[in-house]
Amino acid sequence: MSRPLRQGLLFLGALAFWEFLVRLHLWPDYLLPSPLQVGRTLADGLASGELPLAIGVSLRRTLLGFGLTALAGIAFGITIARHPRLDDTIGSLMLGMQTLPSICWFPLAILWFGLSEFSILFIVGMGTFFSVVNSTVAGVKNVPPLYLRAGLNMGAHGYVLLWEVVLPAALPSILSGLKQGWSFAWRSLMAAELLFVNLGLGHLLSVGRELNDMSQVLAVVLVILIIGIAVEMGVFAPLERHLRVRWGLQKSLSSVAETAPARS
Amino acid sequence: MNYPGIDPCRVRIRGLSHAYTNAGRQVEAVRDINLEILDGEIVCIVGPSGCGKSSLLNLIAGFERPRQGEILVHGHPVRSPGPDRVVVFQDLGLFPWLTARGNVEFGLKVRGVLKKDRREVAERFMQMVHLDKFMDSLVHELSGGMKQRVALARSLALNPDILLMDEPFTALDAQMRDYLHLELQEIWDKTRKTILFVTHNVREAATLGHRVIVMTAHPGRIKKEFKVDLPRPRHIEDPGLIEIARSIMEELRGEVATAMKEELKNE
Ligand SMILES: Nc1ncnc2c1ncn2[C@@H]1O[C@H](COP(=O)(O)OP(=O)(O)OP(=O)(O)O)[C@@H](O)[C@H]1O
Ligand SMILES: [Mg+2]
């Protein structure tokens, strides 16, 4: 059985189980609507333009907040990694900051920037920033010294060395930070939109709650889930696969152990 | 033939001593090395493990600054690493994110050579090491011997004045090593590069070198020098060569014993 087929069957199974629960009539309709009902709400939302608008707004916010802070995070991470003094001061602070859920920045953002678009970007960015910084620092510090020597030896210095050797060597680590940063960004955006009264998917979710419209709540949750999965499977998974192949990291543990001493 | 103002030596090392600071302790690596390498000469260095062979190579490559003495390359003191002195590392250091071609072109790209010209040079040197069919292979798709040859091609593509090779063939099986000995001699015949070649293997040294230098155990000093005047291409099993290798081994044996004793004492 092929993978998409298996995944499709799993999905259908989940739907059937949901329908089964509904048919048991354990909960009233307005607490557990049927898949069909949710599907209709979804279709209505898409047709009326309400959902596409919310999706657009949310994606734009995530992309902007994530994109800008990811770039800043990579630059900052490289700077830290290359200066031991910064690393043992700011570096350890960054590790600590990563444990802070980024929605904790919410009150601060409101007080500093008011109920503005910038506040949302700030919260989203705080979700991204620290994981990207930390993974970049780890990646750059773990570049094998041999690669640096080889690069220097062939005449690469300064920014050329950074661009042609350090960054590619650190890329697998940076990518895993980006992936984590994206998922933090997406989660903090939803949290922020739930709290702000302002367009976006999280906002639709909170409207659904206020109207006691379970069908809308579930429809929006589905959309949020689907977008999350789509980015993971459509963007990060293929990128990671590509890097693993390219960097030769794809061997299983046992085959690596066999070839480790590099003797033939 | 000494022309005034022109140094006939590619590399001139005078009174070179170097030590590392290891956890507060001074570890002497090499002491009072005096060595001259002529243009187009292959000099092999043998010595017991830990006697400072790699250190000497790293000093010439410019990765380390010497504590004492000086290294002149064509009359200019070495200050930093540079593409005129290319190292073929024991662990190669090929970049896995690039193809074989990408690796061979790397130094030229850094230098700003145009893509078209880079391709041409890469093709020429990949042909020289008989790997032109593997231009677009990724590094981890190549065998150990092929990687070794890509590393060699990468270094040659930079057209360095000096090739510094640190035990490049140690990790290979005997057949591959013999093959690369022939290939290296063939390449030398075509390019007449100055080569400093470090090895543990006395016969390998006698096969490749015009001169073989024996170093003492820790700290490394030059103990004795052998000239190898045999016709090329030489093969590691040539009878005349085995004779010379035996006398080099004689010289080396005592040093290896000293090095072993010292290592055991440290434990
Ligand atoms: N980067 C370093 N820092 C501290 N000590 C070093 C460093 N590199 C080498 N040494 C020390 O210098 C001495 C010479 O080492 P080196 O690697 O030059 O020996 P070698 O002759 O190349 O040995 P081998 O044949 O095993 O490769 C050793 O005692 C080693 O511990
Ligand atoms: Mg060594």
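Predicted model: local features only at pLDDT ≥ 70, side-chain atom pairs only at ≥ 80, totals over all residues.
**Exercise 1.** Describe how chain B is divided into domains and how far apart the domain centres lie.

*Solution.* Begin with the assignment: domain 1 of chain B comprises 40-66, 79-84 and 161-267, while domain 2 covers 92-159. Next, take the centres over C-alpha atoms; those of domain 1 and domain 2 of chain B are separated by 25 Å.

**Exercise 2.** Determine how many residues of each domain of chain B are in contact and what area is buried between the domains.

*Solution.* First, count the residues in contact: domain 1 of chain B contributes 17 and domain 2 of chain B contributes 13. Then consider the area: about 1300 Å² is buried between the two domains of chain B, and carbon and sulfur atoms give 68% of this area.

**Exercise 3.** Identify the salt bridge between the domains of chain B, and then characterise the side of domain 1 that touches domain 2.

*Solution.* Step one is the count, which is 1 salt bridge between domain 1 and domain 2 of chain B. Step two is to examine the pair Glu183(B) and Arg149(B), whose side chains form a salt bridge with an N to O distance of 3.5 Å. The cut-off for such a pair is 4 Å.

Step three turns to polar contacts, of which there are 2 residue pairs between the domains of chain B, both at pLDDT 80 or more. Step four locates the elements: on the domain 1 side, strand S7 (162-166) and helix H5 (174-191) of chain B each give two or more residues. The largest share, 9 residues, comes from H5(B). Finally, sorting the residues of this side by type gives 11 nonpolar, 1 polar and 5 charged.

Terms used
Residues numbered from 1 in each chain as written. Chains lettered and ligands numbered in written order. Heavy atoms only, no water. Domains from an automatic or database assignment. Contact = heavy atoms within 4.5 Å. Buried area = accessible area lost by both parts, 1.4 Å probe. Polar contact = N/O pair within 3.5 Å; in protein donor to acceptor, adjacent residues only side chain to side chain. Helix = DSSP H or I, 4+ residues; strand = E, 2+ residues; numbered from the N terminus. Nonpolar A, V, L, I, M, F, W, Y, C, P; charged D, E, K, R; others polar.
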